[in-house]
Amino acid sequence: MTLLDGFEWKGKWWLPKTPENKISGSISFGNNKEIQLNLLGSFHDIATAFNAPINHKIIYGLTTEGKICTLLMCNQAGTNLNVPGFHTTMYTAEFLFVGLHFEDELFTFFSAIVNFTNLEEWINIIPFDYEHVIVEKKICDMTAKYSKPINFECNVPCIDAKISSDFSFTQSYDKHRYLRWEHLTFLKISPKKNKGYKWFLKNIFILRELLTLFIGNPIFERIIYLFIETKNSSGEIKKEPIQLFFTEYHDTTSKKVNTNNIIFNLPSIYDNLATILNKWYTLYDSFESVLNLLFGNIFNKNIYLEYSFLTLMQALEAYHRSLGNGHYIDQDDYDTSCESIKNAIPTDLPDDLKQSLKSRLKYGNEYSLRKRIKNLFESLNQETKDKILPKANIIRDKMVDTRNFFTHYDSAMKNKIISGTDLVYTNQLLMILLSLFLFKEIGLSEEVILTNLSNSDRFGHIIPNLKKMEFINE
């Protein structure tokens, strides 16, 4: 069972406070990645059930296969009464925990492991080796070997935890037909103190975004286990895995990547991995708005070009703003000057106009978008500018004019904007720039970043075409 597969389990379901009222039904997790509970009955009498939707924080379940389930944040999605027939109720849940009943969402766990799509390709360890003998162009003998990789472990002080690798090996066979081996890679997060599921999910999502940046394509969680410690009858402490499913609100289709086309795989950053992880988790909060805008584009494939451009420009502006050096003069001096400017506004103007002029002064000391982008462009090495920013001033001005048009829709600017294929390439350029700046923030050198971006499947074919954009050759 994974977060990318569908399933349906039958069982009995009840509320924690009324365990005697068990209702038969089924839980499903389908292609829409929504957790649904369908009951042949209701937890409430008919009058109450039809009065208004009744939501429950927690619902317990036990499937026919013996799986212990806890559904969290359950919303009633519908109820029906057929005569003749049955009273049915449907709930959707945000989370499903398999293997445990708990009474409070503040319940804590001591560690978690996660397998992402394309994680094995990013780790880039080949655990299998085989030899074969060919006679008359046919394999007549084969020997295979599996070697479990050595785990790595990194301290991440800013989240007071360790991040390490873990691996699993499973096999299945039919002695007459096949032998099948499967190797999976997991990343393990182990805080010094037990944490709730929200803490683990937040840090898993942050890790997912870093790996997406490294790989150059969106990746998704396939398997998540949270671990608790229990004692058996003899007092021995055991680690019990609790599998976590959650409702996903965007497309989780992920293509398999070629290991040679990953921007940064693990071996290329292994020596600095602990530093990189700590920097990433440290800067995440200060760059959260930048990352939300960037990854909103990466994870949403059907976004309109114009909207994509606007959000990526907003991300670039937010990145410069987060650096903290975006004022023309000292703010205290500006505040003093501001009062003089306000006092100079003619008193006979309409009140709403006077208020509009005063409100614009609030941000008058902040750099314009044009100056912010100029500063970011100028911060790059000449080799980088030659490769991805041919005629940087033209690109900057066109970007700003296009952003202003899409924001204000001034018809006089319509002929000055980027459009068509050029807009496609400009959006890709913005993603390249944002990726480059973020890679630099976590300690990677600009020269290496540029080389790896140029050689990647994600951007390698884009960079040579940037010089061919029509608006820079007019």
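## The second largest cavity

The lining of the second largest cavity comprises nine nonpolar residues, with no polar and no charged residues. The structure described here is a predicted model, and the volume of this second largest cavity comes to about 50 Å³. Its lining consists of Trp122, Phe152, Ile163, Leu187, Leu207, Leu210, Leu211, Leu273 and Leu277.

Two elements, α3 (197-215) and α5 (273-284), each give two or more residues to the lining of the second largest cavity. The largest share comes from α3, which supplies three residues.

## The largest cavity

How many cavities of 30 Å³ or more does the structure hold? There are two cavities of 30 Å³ or more. An empty space of this kind can be found by rolling a probe the size of a water molecule over the atoms.

The largest cavity has a volume of about 60 Å³. Its lining is formed by Leu3, Leu4, Phe29, Lys33, Phe220, Glu221, Phe246, Glu248 and Thr252. By class, five of these lining residues are nonpolar, one is polar and three are charged.

## A nonpolar patch on the surface

On the surface, Tyr130, Ile134, Ile139 and Met142 form a nonpolar patch. Together these four residues have about 450 Å² of accessible area. Two strands, β9 (128-135) and β10 (138-146), each contribute at least two residues to the nonpolar patch.

The reasoning rests on two cut-offs: a residue is buried under 20% relative accessible area and exposed over 50%, with partly exposed in between.

## The chain as a whole

The protein chain has 474 residues, and buried residues make up 46% of them. Its secondary structure comes to 14 helices and 16 strands.

Along its principal axes, the C-alpha trace of the protein chain spans about 80 × 80 × 45 Å.

Key:
Residues are numbered from 1 along each chain as its sequence is written. This is a predicted model: local features need pLDDT of at least 70, side-chain atom pairs count only at pLDDT 80 or more; totals for chains, interfaces and linings use all residues. Side-chain values use heavy atoms; hydrogens and water are left out. Patches are made of residues with over 30% relative accessible area and no salt bridge: like charges are joined within 9 Å, nonpolar side chains (Val, Leu, Ile, Met, Phe, Trp, Tyr) within 5 Å. Accessible areas come from the Shrake-Rupley method with a 1.4 Å probe; for residues, only the protein chains shown count as cover. A salt bridge is a side-chain nitrogen of Lys or Arg within 4 Å of a carboxyl oxygen of Asp or Glu. Helices (H or I, at least four residues) and strands (E, at least two) are DSSP runs, numbered from the N terminus. On a 1 Å grid over the protein atoms alone, a cavity is a set of points where a 1.4 Å probe fits but cannot get out, and a pocket is an open set with protein on both sides within 12 Å along at least five of seven lines; lining residues have an atom within 4 Å of a point. Grid points are joined across faces, edges and corners, and a volume is the space filled by probe spheres set on the points. Ala, Val, Leu, Ile, Met, Phe, Trp, Tyr, Cys and Pro count as nonpolar, Asp, Glu, Lys and Arg as charged, and the others, Gly among them, as polar. Buried means under 20% relative accessible area, exposed over 50%, partly exposed in between (1.4 Å probe, protein chains only).
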